[in-house]
Amino acid sequence: MNSRNDSGNRSQISRREALRRGLYGTGGMLLADRLLPAALADGAPTQKAKPQAKAKSVIQIFLWGGMSHNDTWDPKPDSGKEYLGEFTEVIDTNVDGIRLGALFPELAKQADKYSLIRSMTHGNNGHETAAYIMQTGHMPGGRLAYPSVGAVFSLFKKKEYKGIIPPYVVLTRAQGRFSEEGFLGPNFKPFATGGNPNSARFEVEGVVARGITDERQEARRELLGKMNTLGSLMAASPEVALAEETKDVAYELILGSGREVFDLNQEDDQLRDRYGRHTFGQECLAARRMAEAGVPYITINYPGGWDTHSNHFPRMRAQCPHLDQGLAALLADLHDRGMLESTLVWCTGEFGRGPKVDWQPPWNGGRNHYGKVFTVLVAGGGFKGGRVVGASDEHGANVAERPVYPVDLLGSIYQLAGIDFTADLPHPEGLPARVLPEPSDRVKSAGLLTEIM
């Protein structure tokens, strides 16, 4: 799996394509209700028993590739070099009894604001399949391709969310290891921003076009209005009226209040420095601004990835400080603004990394895929802080206490957001489908995370 970096692989799009994406991704959503099957067009599906919502927005930080739990949030300082590798130091946090790997000094100061699930497990070691399990709660290999958590939020928050920004946003590129929208279809795909929020100008695809000033966008809009004689002649037509409404919504995103959310230059320079002047830090700041605007679901796909089969320890030394700084600043900022109780943050990869260092060639000190046990950080939105759920064994190789399965974690997130995870999903062909599967021989569950809810 190839690593991505902060600045590489930026896609080039034409100005026409940029505007098309803006129209489709925002105002075009108004047209979706006319085009979707009836089961999807009537708004959010009926919930059997809608839970009380505490989390108004969710920020998911997805550490794609899988971050080592031993080196980070579940350190095992007495396990020996065979397991420790080059990282032997641990640090205390501001909560007695909770210690972290030494690469996380800023998160150590914020431990009262988050809880660590150190017994997350599903046993799957494949990137695509493990990501699917963690993002949907369903087991791979069935007849249906289920939607991700963000797509489910987009569906269930459809009636109550009235913001100009799409309800499911990804910074900066969709994960790409599976179809995030599943059988719900393309109208529930995430709006991927593209660009780099650490640049002088955050060029959000379809919203902020490279080389085109706001004045030029306004001039184009005026010219288009003068040339739109058909729209003027057929203004009474419902279809034309809806198209005009869609266009106005799109321009409100491109030139109005929606665009302002993506303008990080409105933030104080000291605050931006606190988040870190790197891509991930500024993604966290952008996510906070979107949560402030009421966007239901925001995903940050960590730039660079954590698939550290080789070159593991140098990569960890380079990436962990960015993760530490950006995530700690996000939690502190949400708390200081009184937003943490209504904003749920969760951070993990599709699995962890092998507790035993692979010193053999070609890895030469790497860690491999590991789904038996790994760690998840959860904060806000109804989750208590300063707690640890479950435990791994002395080497971080197996669950020792209180296993937590994907349906337990996702079910807890859904419940805190007021979504009934037992509700039916509207399949376009009428096939039976639920938000989360019922526990079975294939789908294990140990119960919701009531100890921290």
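Colleague: Which strand does β5 join through four bridges, and which way do they run?
Modeller: β5 is joined to β7 (residues 297-301) by four bridges, and the two run parallel. Strands here are DSSP runs of E, at least two residues, and helices are runs of H or I, at least four, numbered from the N terminus. Two strands pair if DSSP finds at least two bridges between them. This is a predicted model, where local features need pLDDT of at least 70 and side-chain atom pairs count only at pLDDT 80 or more, while totals for chains, interfaces and linings use all residues. Residues are numbered from 1 along each chain as its sequence is written, and side-chain values use heavy atoms, leaving out hydrogens and water.

Colleague: What stands opposite V170 in β7?
Modeller: T299 does.

Colleague: And how many bridges link β5 with β6?
Modeller: Two, again in the parallel sense. V169 has F191 as its bridge partner in β6.

Colleague: Which way do the β5 side chains point?
Modeller: Y168 and V170 go one way, V169 and L171 the other, and all are buried. Buried means under 20% relative accessible area, exposed over 50%, and partly exposed in between (1.4 Å probe, protein chains only). In a regular strand, side chains alternate between the two faces of the sheet.

Colleague: Where is T172?
Modeller: T172 sits in the loop between β5 (168-171) and β6 (191-192).

Colleague: Why does T172 count as buried?
Modeller: Because its relative accessibility is 10%.

Colleague: Switching topic: which residues touch the most other members in the largest nonpolar core?
Modeller: I61, W73 and L323, out of 56 residues. Such a core is a set of buried Ala, Val, Leu, Ile, Met, Phe, Trp, Tyr and Cys residues joined through side-chain atoms within 4.5 Å. Helix α13 (residues 312-336) gives the most to this core, with 10 residues. Apart from it lies another core of 45 residues, and V170 is among them.

Colleague: What about the chain overall, how many helices and strands?
Modeller: There are 14 helices and 14 strands. Of the 453 residues, 57% are buried.
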